[in-house]
Amino acid sequence: MSETNEIEDSSAPLIEHLAELRTRLIRAVLAFLVGMIICFSFGSAILDFLLVPIENTMRNLGNNNPVMQYTAPQEYFFTLIRISMVGGFALAFPVIGYQLWRFVAPGLYRNERGAFLPFLVASPVLFLMGAAFAHLVVVPLAMTFFLGFADLPSFMAAMISGEEGAVESSGIDIVFNGKVNESLDITLKMIIAFGLCFQLPVLLTLMGKAGLASSRGLRATRKYAIVGILLVAALVTPPDVTTQLILFIVVYGLYEISIFLVAYVERQKDVAARKEGIIGEDESLFDVDDDDEEVAVDPMMQEFFEDDEDEKDNLK
């Protein structure tokens, strides 16, 4: 009987956690559905707002009556559904984040709750900043590049004189008949990509709090981060040097800000450790020995250094 009671007592907390998780998930899904319905009600206005960059680009290229088309009966409806899903998640994120917080908070200490809550607030703010940057800066540049590349003479004429190009007496005019879903796809991809890139400070600072990253390590791997950021800029932006350079500058700036934030977290940990008497006044939890620092300068070369030492030993 005692073993049976122990099993029942151990299973009770698990059942309570599962019931709590079910409640939080139901509330989060309901919030998402409500947000989706609200966005679907204003779907046409949201679509017009998302298509503003391409509209302005077409007008700048001489098209005084920009028109978008759809070629399937259900295409416009499902376009509004996509907009409603993205917008509904954005509207419901405060509720979803709150439900996540209420589920996780009971298992955290008081100081851990205070450390986690700012990131829960900063994450959606940074995502909105990245989305706004993409919609107001990157997407217009991308549309100007793609549409201007297809009609370069008209684009140059519009940039120089602001007037429409002359009517040609021969040749075939190449015009842009954009589809709603394909044009919207570029905008949504840019918004999501930049919103996720702007999460870099939150991610690295959380890793610093968990001890998975250090300011010294981030500084040592700065050159590899530059290469990675350049690759990301080449993948998520159009083949336009200006757009890629803007993304690189922004994300690299966020990387440097992340180093500063991780260093601030380390200083806070040092202050707490000094109060508890773990380290002295002139010591730090993140001090690195000289030998370790030499290896940290370029970890990719460590195996070559070891091979050279083995050869020297064999010669002796």
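This is a predicted model: local features need pLDDT of at least 70, side-chain atom pairs count only at pLDDT 80 or more; totals for chains, interfaces and linings use all residues.

## Helix α7 and its surroundings

Helix α7, which covers residues 180-197, has 18 residues and reaches 26 Å from its first C-alpha to its last, close to the 26 Å expected at 1.5 Å a residue. Here the expected span of a helix is 1.5 Å times one less than its number of residues, and helices (H or I, at least four residues) and strands (E, at least two) are DSSP runs, numbered from the N terminus. Residues are numbered from 1 along each chain as its sequence is written, and side-chain values use heavy atoms, with hydrogens and water left out.

**The protein overall**

- The secondary structure of the protein comes to 13 helices and two strands.
- Of the 316 residues in the protein, 28% are buried, where buried means under 20% relative accessible area, exposed means over 50%, and partly exposed lies in between (1.4 Å probe, protein chains only).
- Among the contacts in the protein with a separation of 6 or more, 79% are accounted for by residues 24 or more positions apart, and contact means heavy atoms within 4.5 Å.

**Inside helix α7**

- The buried residues of α7 are V180, S183, L184, T187, L188, M190, I191, A193, F194, G195 and C197.
- An α-helix has 3.6 residues a turn, so residues three or four places apart point the same way.
- S183 is found in helix α7, and it counts as buried because its relative accessibility is 6%.
- Not counting residues up to four places away in sequence, S183 touches L51, I54, M68, M143, F176 and G178.

**Helix α4 against helix α7**

- Helix α4 (residues 75-104) packs with α7 at an angle of about 15 degrees, and their axes are 10 Å apart; axes are lines fitted to C-alpha atoms, for helices over the stretch in contact, and angles run from 0 to 180 degrees between N-to-C directions.
- The two helices α4 and α7 are therefore roughly parallel to each other, since angles under 35 degrees count as roughly parallel, over 145 as roughly antiparallel, 65 to 115 as roughly perpendicular and the rest as oblique.
- The crossing of α4 with α7 is left-handed, a term used if the near helix is turned anticlockwise from the far one by less than a right angle, with right-handed used if it is clockwise.
- On the α4 side, E75, T79, R82 and I83 meet V180, N181, L184, D185 and L188 in α7.
- This contact of α4 with α7 has four nonpolar, two polar and three charged residues, where Ala, Val, Leu, Ile, Met, Phe, Trp, Tyr, Cys and Pro count as nonpolar, Asp, Glu, Lys and Arg as charged, and the others, Gly among them, as polar.

**Helix α8 against helix α11**

- Helix α8 (residues 200-209) and helix α11 (residues 241-275) pack at an angle of about 25 degrees, with 8 Å between their axes.
- Both helices, α8 and α11, are therefore roughly parallel to each other, and their crossing is right-handed.
- In α8, the residues L200, P201, L204, T205, G208 and K209 meet V251, L254, Y255, S258, L261, V262, V265, Q268 and K269 in α11.
- The residues of this contact of α8 with α11 divide into nine nonpolar, four polar and two charged.

**Helix α11 and what follows**

- Helix α11 has 35 residues and reaches 51 Å from its first C-alpha to its last, close to the 51 Å expected at 1.5 Å a residue.
- Just after α11, G277 takes a positive phi of about 80 degrees.
- L285 is found in the loop between α11 and α12 (290-297), and at 42% relative accessibility L285 counts as partly exposed.
- Leaving aside its neighbours within four places in sequence, L285 is in contact with K269, D270, A273, I278 and I279.

- M36 lies in helix α1 (residues 2-41) and counts as buried at 18% relative accessibility.
- The C-alpha atoms of M36 and F89 are separated by 7.2 Å, although these residues are 53 residues apart along the chain.
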